[in-house]
Amino acid sequence: MAVRQFHLGWFLGNSFGVHGWNQPWSGVDARDLAQPDLHVDLAKALERACFDCLLLEDSLFVPDNYGGSMDFYLRRALRAPKNDPLPLVPLIAQATKHLGIVPTISTSFYPPYLLARLIATLDLMSKGRVGCNFVTSTAERAAQNFGLDAHLEHDLRYEMADEFVDLVTKLWSSWDADAVVADRETGMFVDPAKVRPIDFKGRFFSSRGPLNTAQPPQGRPVLVQAGGSPQGKAFAARHMDIVIAALGTVAEMKAFRDDMRSRVAAAGRDPDSCKVLFVVSPTLGETNDEAEDRAARRQAQREASPEIALAMMGSLTDIDFSTFDLDAPLANLTTNGQQGTLKRFMAQGRTLREVAANYRFGFEDAVVGTVERVADVMAETMEQVGGDGFMFNGPLSRRYVADVTDGLVPALQKRGLVRTAYAHAHFRDNLFAF
């Protein structure tokens with residue numbers, strides 16, 4: 001039986017804290033973190049390993065949820081500071097030839113026409129290698145940065161996002177693919193018959209169109225989303241090419257993918273037109289004992305500093321977990337923030353201390369060991385889940401990147417599980433090649 005290949009991406013948390021600026025092997029001067037060198041090196045390594053894409057996470061606020069203050073977040077570089085990821089896109093595109101590049105934008109605050117024009121431009125500049133990760137933004141502080149007293153209600157944000165994507169998709173189609181003729185003999189650069197207004201009027205947005213730049217080379221850049229709530233899944237089923245899920249067990253991953261494929265089919269789309277990539281954070285070592293020791297030390301740090309997980313979760317849910325008794329049974333909590341994330345978080349233990357110690361962002365505990373052991377686990381996981389691949393997440397250090405791209409990926413390639421070369425010029429075509 002032929003081995004079924006799967007896809008690989010890298011989820012880059014866009015804050016200086018993920019660089020491990022004060023840790024050994026960070027490979028970066030803390031005073032120079034705003035420079036793009038480390039990101040460009042990451043992109044080159046991913047392309048050498050034939051990854052599908054690099055996703056650049058983003059958010060639009062400095063959290064102050066934990067303890068009612070920004071202090072903890074700023075001291076730890078936790079979610080702040082972070083630079084706008086979009087200027088990185090052309091730099092990474094210039095340094096690579098095949099890798100897909102996916103910046104993040106907020107459908108709650110970004111003007112649709114501006115976004116459609118920007119992404120079309122980047123796709124043209126990269127010759128068809130750009131995607132867009134859509135988030136609705138979850139934080140009250142983000143909303144206040146854009147002139148709102150309070151954030152929009154959760155479900156309403158997804159209604160807006162649905163209309164947002166509908167509008168930008170129509171703008172990308174306002175030029176035919178062959179509208180630019182550049183006919184020297186007639187002197188006609190663009191055929192006017194192949195460019196048209198869209199006259200879009202919705203509940204939240206309107207735009208006459210057309211775009212004032214040509215259609216993106218991919219037609220529609222690759223669309224990505226990571227919401228795990230029912231509303232987020234419904235939104236993804238209607239529009240997305242990639243859905244990212246951070247789940248801890250094979251059973252959860254299989255259930256999520258089966259559910260997404262059913263939703264995509266119910267939305268009138270081919271289930272294979274939407275890839276589900278699962279966040280994976282392997283711990284690698286020269287021996288299994290070495291990797292297990294690294295994982296044990298990281299777990300000890302979690303248990304000694306539960307406030308890190310609680311502060312991070314607070315910034316995603318707008319809940320101040322510093323006000324709770326760490327060792328008391330937890331009551332049910334609700335949020336206008338990331339509902340799916342809160343639900344997974346609360347399922348990790350009976351008390352808040354247990355929850356913080358046991359919380360994982362994705363598939364982590366099972367992928368500890370040598371590259372051979374971890375490759376076998378990933379292979380077995382994909383076989384049980386059914387596809388479609390993994391989205392790596394881990395510290396942005398040259399050492400960790402090399403462990404994955406020059407150690408683990410070759411082990412996967414040796415098994416025939418991931419590509420060894422790019423077959424197509426465009427991100428979208430490589431994504432749907434298998």
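The expected span of a helix is 1.5 Å times one less than its number of residues. Keep that rule in mind for helix α8 below. The model is predicted.

**Helix α8**

Helix α8 covers residues 250-266 and has 17 residues. From its first C-alpha to its last, α8 reaches 24 Å, close to the 24 Å expected at 1.5 Å a residue.

Which residues of α8 are buried? They are Met 253, Phe 256, Arg 257, Met 260 and Val 264. Seen down the axis of α8, these buried residues fall within an arc of 95 degrees, so they line one face of the helix. An α-helix has 3.6 residues a turn, so residues three or four places apart point the same way.

On the other side of α8, Ala 251 and Ala 266 are exposed. The cover over the buried residues of α8 includes α7, β10, β11 (275-280), α13 (371-385) and β14 (389-392). Just after α8 comes Gly 268, with a positive phi of about 85 degrees.

Strand β9 spans residues 222-225. Val 222 and Val 224 point one way from the strand. Leu 223 and Gln 225 point the other way. All of these residues are buried. In a regular strand the side chains alternate between the two faces of the sheet.

Strand β4 (residues 131-135) runs parallel to β9, and 4 bridges join them. Here Gly 131 stands opposite Val 222. Strand β9 also pairs with strand β10 (residues 242-245), again in the parallel sense, over 2 bridges. In this pairing, Gln 225 stands opposite Val 243 of β10. Between β9 and β10 the chain passes through helix α7 (residues 230-239), and this β-α-β crossover is right-handed. Both α7 and β10 are among the elements that cover the buried residues of α8.

**Cysteines**

How many disulfides does the structure hold? It holds 0. A disulfide needs two cysteine sulfur atoms within 2.5 Å.

| Cysteine | Closest cysteine sulfur | Sulfur distance | Relative accessible area |
|---|---|---|---|
| Cys 50 | in Cys 53 | 13 Å | 8% |
| Cys 274 | in Cys 53 | 13 Å | 3% |

Cys 50 is buried. Cys 274 counts as buried as well.

Conventions:
Residues numbered from 1 in each chain as written. Predicted model: local features only at pLDDT ≥ 70, side-chain atom pairs only at ≥ 80, totals over all residues. Heavy atoms only, no water. Buried < 20%, exposed > 50% of the residue type's maximum accessible area, 1.4 Å probe, protein only. Pairing = 2+ DSSP bridges. Right-handed = clockwise from strand over helix to strand, strands pointing away. Arc of directions from axis to C-beta. Contact = heavy atoms within 4.5 Å.
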